[in-house]
Each structure stands twice: as C-alpha cells, then as structure tokens.
Amino acid sequence: MPGDHRKEVTVDTKISASSGHEAALRQANGVATASMRGHPVFILPSRKEVNYKMRLFGVSLGEGTTKVGDVLTFSLPSKITCPGASVWCLKRCYGWRYEKRRPVCLKAYHENLALTSNPQEFERIMSGVLPRITPCFRIHVSGDFHTIAYIENWIAICRAFPQTLFWSYTRSWAVPEFRDALEKLRSLPNVQLFASVDETMPLPPSNWRKAYVYSDPRAQGIACATQMRDHGSCLECGFCFRVKTGDVIFRVH
Ligand code: SF4
C-alpha cells in the first residue's frame with residue numbers, strides 16, 4: 001500500500017468493567033475478552049478520512065474510516081445497489097451524502113459495481129487482491145448485496161479467507177429471493193451479517209442479528225461503541241465481528 005509503514009502487533013486489550021458497553025459485550029459473549037487478548041491484529045497507520053484507497057486490478061478497497069478504524073472495506077454506490085432499502089432509509093442515506101462530498105469515492109464505488117457485473121471475474125480478482133493476513137474486513141460501508149450472484153461471490157470469498165472476520169449490515173434480507181443466499185453467507189463461521197431495520201420495516205427471522213436505529217421502539221441490544229465513545233473504532237470494539245450474538249443500535253447520522 002502506498003506510503004504505509006505497516007507493522008504486525010499483538011493486541012492485549014484491557015477491558016474495563018466500568019463501561020456499560022463493555023459489560024454488555026461480555027454479557028453477549030463470555031469469551032469476548034479472551035478472544036480479543038492475544039488476537040494478532042494488522043495495524044495500518046491511523047488517518048482521519050477514508051480519502052485514499054488501495055486500488056488493485058480494478059478493485060478499490062477502502063483502507064479505513066474514523067468509524068471502523070484501520071480496516072479494509074469494500075463498497076458499492078448507495079441506493080442503486082440497495083434493493084431492500086425502505087423509503088425511510090433512502091431519505092436518510094449516510095452513504096449517499098458521503099458520496100456527494102467525495103466524488104473520487106463515488107467513482108471508485110461505480111468501478112467496483114462494474115466489476116461485479118462479471119461475477120467470475122469479481123470473485124477471482126477479490127480473492128487475488130485481499131491480503132491473506134487481513135484480520136477483519138467490512139463489506140459495504142456504502143451499498144448492499146444487490147444480486148444473488150454477488151452474494152454467492154462473497155460466500156466464495158469469505159470461504160477463501162477463513163482467518164479473516166467479515167462483517168456487514170444489510171437490508172437485502174427484506175428481498176425474499178435473496179434470503180437463501182444470505183442465509184448461506186451468514187452461516188459461515190467467519191461472517192457476521194446483521195439485518196438492518198428501521199421502524200417502517202418488519203423484523204427479520206428471530207435468529208438474525210439485528211442493527212436497529214434508536215427511533216425504532218423495538219430497538220434492543222448494545223449501543224454502538226464508537227457512537228457512545230466507549231471505543232475509538234470498530235477495530236477496537238469488535239462487537240459486530242468478534243462476537244457472534246447480540247444486536248446493535250445505531251444513532252442516525
Ligand atoms: S458496535 Fe462496535 S463493531 Fe459494531 S459498529 Fe459499533 S463500534 Fe463498530
């Protein structure tokens with residue numbers, strides 16, 4: 001990656017019992033503390049914005065945001081790749097506002113989308129460009145699972161990287177014909193997939209992890225740790241990808 005001085009470190013995260021979020025994290029999964037201790041984490045230099053990206057063989061990967069931390073990400077253009085989005089969501093889309101401010105990112109997301117129109121090629125390239133040592137990977141800071149073939153691509157990619165913890169939030173669970181493929185994706189041991197919901201949507205099947213918004217009267221779970229300032233980033237927190245149970249509640253951006 002350009003200009004990186006990467007180092008591999010072992011994180012010995014001390015979890016303080018004083019934080020409500022962390023207590024919830026423990027409650028949600030008793031092994032969370034142990035799994036964070038001694039977990040090898042590939043740390044990239046921190047940066048304030050997602051402005052520069054890794055571009056290899058036509059795929060643009062985000063190298064992190066202030067929210068997720070130094071985590072590789074893959075995104076698509078918002079709205080046009082979101083077949084399960086509610087009107088509520090389309091009106092408040094954070095990704096869309098982000099893309100408007102950063103045309104370079106929008107262009108990269110469209111190029112990524114173009115690649116996905118050739119599923120075989122997309123899977124081959126992604127499997128080739130992802131570093132084997134990637135500890136965690138966020139699918140979709142922007143965009144969503146828009147075709148069954150694309151979901152199947154991610155099933156193959158996630159299987160090819162069993163050491164990497166993948167996580168994503170999707171409203172495509174609300175598209176009935178996508179449900180089987182998404183069930184396969186979320187059944188992989190290294191994948192955590194949340195059903196995003198808002199108060200205008202029904203709830204997904206009860207065995208799905210859910211990502212609520214505060215305005216939803218049904219919301220339950222832990223408050224997102226970066227939004228609560230309990231942790232500086234998803235990389236530090238890990239609730240959504242190191243822990244396998246429990247719902248999360250987000251403040252609308
Ligand atoms: S709960 Fe933790 S891992 Fe999940 S989105 Fe918030 S900071 Fe990231």
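Student: In which helix is Arg242 found?
Tutor: A word on the model: it is predicted, so local features need pLDDT of at least 70 and side-chain atom pairs count only at pLDDT 80 or more, while totals for chains, interfaces and linings use all residues. Residues are numbered from 1 along each chain as its sequence is written. Helices are DSSP runs (H or I, at least four residues), numbered from the N terminus. Arg242 is found in helix α10.

Student: Is Arg242 buried or exposed?
Tutor: A residue is buried if 20 or more other C-beta atoms, placed from the backbone, lie within 10 Å of its own, exposed if 12 or fewer, and partly exposed in between. Arg242 has 20 C-beta neighbours inside 10 Å, so Arg242 counts as buried.

Student: Which elements give two or more residues to the shell around the ligand?
Tutor: The residues around the ligand (C-beta atom, placed from the backbone, within 6 Å) include Cys224, His231, Cys234, Cys237 and Cys240. Those giving two or more residues to this shell are α9 (234-237) and α10 (239-242).

Student: How are α7 and α8 oriented to each other?
Tutor: The axes, lines fitted to C-alpha atoms over the stretch in contact, with angles from 0 to 180 degrees between N-to-C directions, come within 9 Å for α7 (residues 148-160) and α8 (residues 179-186) and cross at roughly 10°. Angles under 35 degrees count as roughly parallel, over 145 as roughly antiparallel, 65 to 115 as roughly perpendicular and the rest as oblique. α7 and α8 are therefore roughly parallel.
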